[in-house]
Amino acid sequence: MSDYSGLLVYLDGEFVAWNDAKIHVFSPAVKYGAAVFEGIRGYWNAERGTMYLFRLEEHMRRLELSQRIMRFNRIVPAQAMMDATVELMRRNGFRSSVHIRPTAYVAGQGESSAQEPVGSFITAIPRGTPKKVETGCRAQISSWQRIADNVMPTRAKSNANYNNSRYAGIQALKDGYDSAIFLNSRGKLSEGQAMCLFLVRNGVAVTPSITSDILESITRDTVIQLLRAQGVEVQERDVDRSEFHDATEAFFCGTGAEITPIVNVDGDAVGDGSPGPVTRALQTAYFDLAFGRTDPGHKWLTAV
Ligand code: PMP
């Protein structure tokens, strides 16, 4: 187990030691999962001695949206969370890439419909790129269905939603796969476990639309823009599971997953069973951008 005890945590306006960052057992956040969060990466560029936070503002704006969907009575503003994140970076003095997790939660002692008081905290821990980004992963189309917008709004990044991917993820591992892919209530492809997905068919990148019960992923948006800049056509539409059989490439994308090739689905190779050229070119563009190598002044980067 990793030891984070030397790190500081931002908690309700203060910076406290990791082991002192506590909320009450009787809070609606703990009892009912009445909380929303974000996952943000900070990329450490050793040559420049600079940490680049990737699309910080877009993440904190989504945190606001998640709070509105969850009908919090007080919305923790994006700007306050951005400022606190930058300060947390400075105080912890990281010298490697990090994963940042801001949360807004229902504090107090209320029951499941409590809408206040609202608290917030931010953690940040060292985290590099997962091995699967290089090797690719083997995915299972899950027998668990993706939650629907009129069941548990998927557009909100709410903690309680993650029990859905927990079921699917555990099942995929027990069945010998690395990862799960969800179909939605209409039987169309939705997303992976905390990551969106793309297929490449006849040179065209296709991805489930934002009304496919996905989280409106910031990486998905980044990928669409990077692919188009590389001259690759992108379609956002309903996507069928059988399209994997005609795909030459597929990949997951997300803040945590970054760009993870999908090399096999349900035991069948995708394309030739190895990460393809569209995926590899995209990875290069993504990491060059995120580490501040191509354009350190890019509007998506917050330099610390
Ligand atoms: N779907 C879900 C359910 C997620 O939790 C995530 C990770 N935040 C994603 C997709 C990918 O979103 P993003 O690119 O904004 O990290």
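Start by selecting residues 78-92, which make up helix α3. Helices here are DSSP runs of H or I with at least four residues, strands are runs of E with at least two, and both are numbered from the N terminus. Helix α3 has 15 residues and reaches 21 Å from its first C-alpha to its last, close to the 21 Å expected at 1.5 Å a residue. That expected span is 1.5 Å times one less than the number of residues.

A word on what you're looking at: this is a predicted model, where local features need pLDDT of at least 70 and side-chain atom pairs count only at pLDDT 80 or more, while totals for chains, interfaces and linings use all residues. Residues are numbered from 1 along each chain as its sequence is written, and side-chain values use heavy atoms, with hydrogens and water left out.

In α3 they are Ala 78, Met 81, Met 82, Ala 84, Thr 85, Val 86, Leu 88, Met 89 and Asn 92. An α-helix has 3.6 residues a turn, so residues three or four places apart point the same way.

Now step back to helix α2, residues 56-69, and pick Glu 64. Is Glu 64 buried or exposed? Glu 64 is buried, at a relative accessible area of 14%. Setting aside neighbours within four places in sequence, Glu 64 is in contact with Ile 75, Val 76, Pro 77 and Ala 78; contact means heavy atoms within 4.5 Å. Between α2 and α3 there is a loop, and Arg 71 is in it. Arg 71 has a positive phi near 60 degrees, though it is a residue other than glycine, and it counts as exposed at 60% relative accessibility.

Another positive phi is waiting at Asp 12, near 45 degrees. Look for Asp 12 in the loop between β1 (8-11) and β2 (14-17). Asp 12 is partly exposed, with a relative accessible area of 41%.

Next, the ligand. How many residues surround the ligand? There are 14, and the closest are Arg 62, Tyr 162, Ser 217, Thr 219 and Thr 255; a residue counts as near if one of its heavy atoms lies within 4 Å.

- Tyr 162: a polar side-chain atom lies 2.3 Å from a ligand oxygen.
- Ser 217: a polar side-chain atom lies 2.6 Å from a ligand oxygen.
- Lys 157: an N or O atom in the side chain is 2.8 Å from a ligand nitrogen.

Taken alone, the ligand exposes 380 Å², and the protein buries 96% of that. Those areas come from the Shrake-Rupley method with a 1.4 Å probe; for residues, only the protein chains shown count as cover.

Select Glu 258 next, in strand β15 (residues 258-265). Glu 258 is buried, with a relative accessible area of 0%. Its side chain makes a polar contact of 2.8 Å with the side chain of Thr 129. A polar contact is a pair of N or O atoms within 3.5 Å; within protein, one must be able to donate a hydrogen and the other to accept it, and residues adjacent in sequence count only if both atoms are side-chain atoms. Beyond neighbours within four places in sequence, Glu 258 is in contact with residues including Arg 41, Tyr 43, Thr 219 and Cys 253.

A disulfide is a pair of cysteine sulfur atoms within 2.5 Å, and the count comes to zero disulfides. For Cys 137, the nearest cysteine sulfur is that of Cys 253, 12 Å away. The sulfur of Cys 253 is 5.4 Å from the closest cysteine sulfur, in Cys 196, too far for a bond. Cys 137 is buried at 1% relative accessibility, and Cys 253 is buried at 0%.

For a last stop, find Pro 117 in the loop between β6 (98-106) and β7 (118-126). The peptide bond from Glu 116 to Pro 117 is cis, with omega near -5 degrees.

Note on methods
Buried < 20%, exposed > 50% of the residue type's maximum accessible area, 1.4 Å probe, protein only.
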